Amino acid sequence: KVYDLADKSDPRLIMGYSINGFYSESRMVEPFIYLVVVEPAMIYDGDVILPRIYDCDGVNEITASEIYYFESSEGYHSFTTVFALNVQDENAEPNYETFLTASSDALFMSSDNIYIAQTIWERVEDVAWNELTVLPSQQMTAVHKIHVDGLNIEYMAKGVVPGYVLNQFSMDEFEGFFRIATTSVKEFSDESG
């Protein structure tokens, strides 16, 4: 919901939207707010439940043909919707793009790019060492770069790096380059009991 606070004793609601899913992150650049919402991809009674956006005029279901798909290896998917809104112009139509990816773990935004980091699990061979065994998985992080310019949203690229990101402060953009710091942990199980 966006309120006009010109008269602080009487706030006026000027626009309101609702999106299916879970709030992930949001950022604001000048009058534009960029909201990232994640909804698990599910099938109910044989139908895929697609994301919906609600406003004062009703509901808009995002069609399957509007959703971009990026292959992931962890076996589950989520709908990630990037929603752009000009909070200073109540006549400007918001814009959005939806992507079928893994779930969002962390987000970094520069002045014109959004980077969404998503932890994925890669299968590796069992490695035995004395009585300890390395568990057959390791963390990888997929990073999706999305360019934003006002209400325009454009998917640019995807990359994968080893490890996982701790939070948004593990990422930044410098002179046109994206930089990321990840952590890798080897997990061991004691099979001796």
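Good morning. I begin with a hairpin: strands S17 and S18 form it with 2 residues between them, and Gly150 in the turn has a positive phi of about 65 degrees. Please bear in mind that this is a predicted model. S17 covers residues 138-149 and S18 covers residues 152-162; the two run antiparallel and are joined by 10 bridges. To give one example of the pairing, Thr141 has Val161 in S18 as its bridge partner.

I turn now to the aromatic residues. How many aromatic pairs does the structure hold? There are 5. In one of them, the ring centres of Tyr115 and Phe178 lie 4.2 Å apart and the planes meet at 20 degrees, so this pair counts as stacked, given that the cut-off for stacking is under 30 degrees. The pair links distant parts of the chain, 63 residues apart: Tyr115 belongs to strand S14 (residues 113-122), and Phe178 to strand S20 (residues 177-180). Are the two partners buried or exposed? Tyr115 has 3% relative accessibility and therefore counts as buried, whereas Phe178, with a relative accessible area of 26%, is partly exposed. Elsewhere, ring pairs link Tyr68, Phe99 and Tyr155 into a cluster.

My last topic is the surface. Which residues form a nonpolar patch there? They are Tyr3, Leu5 and Leu13, which together have about 290 Å² of accessible area. Of these, Leu5 is located in the loop between strand S1 (2-4) and strand S2 (12-15). Leu5 counts as partly exposed because its relative accessibility is 47%.

Thank you for your attention.

How values were computed. Residues numbered from 1 in each chain as written. Predicted model: local features only at pLDDT ≥ 70, side-chain atom pairs only at ≥ 80, totals over all residues. Heavy atoms only, no water. Pairing = 2+ DSSP bridges. Helix = DSSP H or I, 4+ residues; strand = E, 2+ residues; numbered from the N terminus. Patch = residues over 30% accessible without salt bridge, like charges linked within 9 Å, V, L, I, M, F, W, Y side chains within 5 Å. Areas by Shrake-Rupley, 256 points an atom, 1.4 Å probe, with all protein chains shown as cover. Salt bridge = Lys/Arg side-chain N within 4 Å of Asp/Glu carboxyl O. Buried < 20%, exposed > 50% of the residue type's maximum accessible area, 1.4 Å probe, protein only. Phe/Tyr/Trp six-rings, centres within 6.5 Å; stacked < 30°, edge-to-face > 60°.
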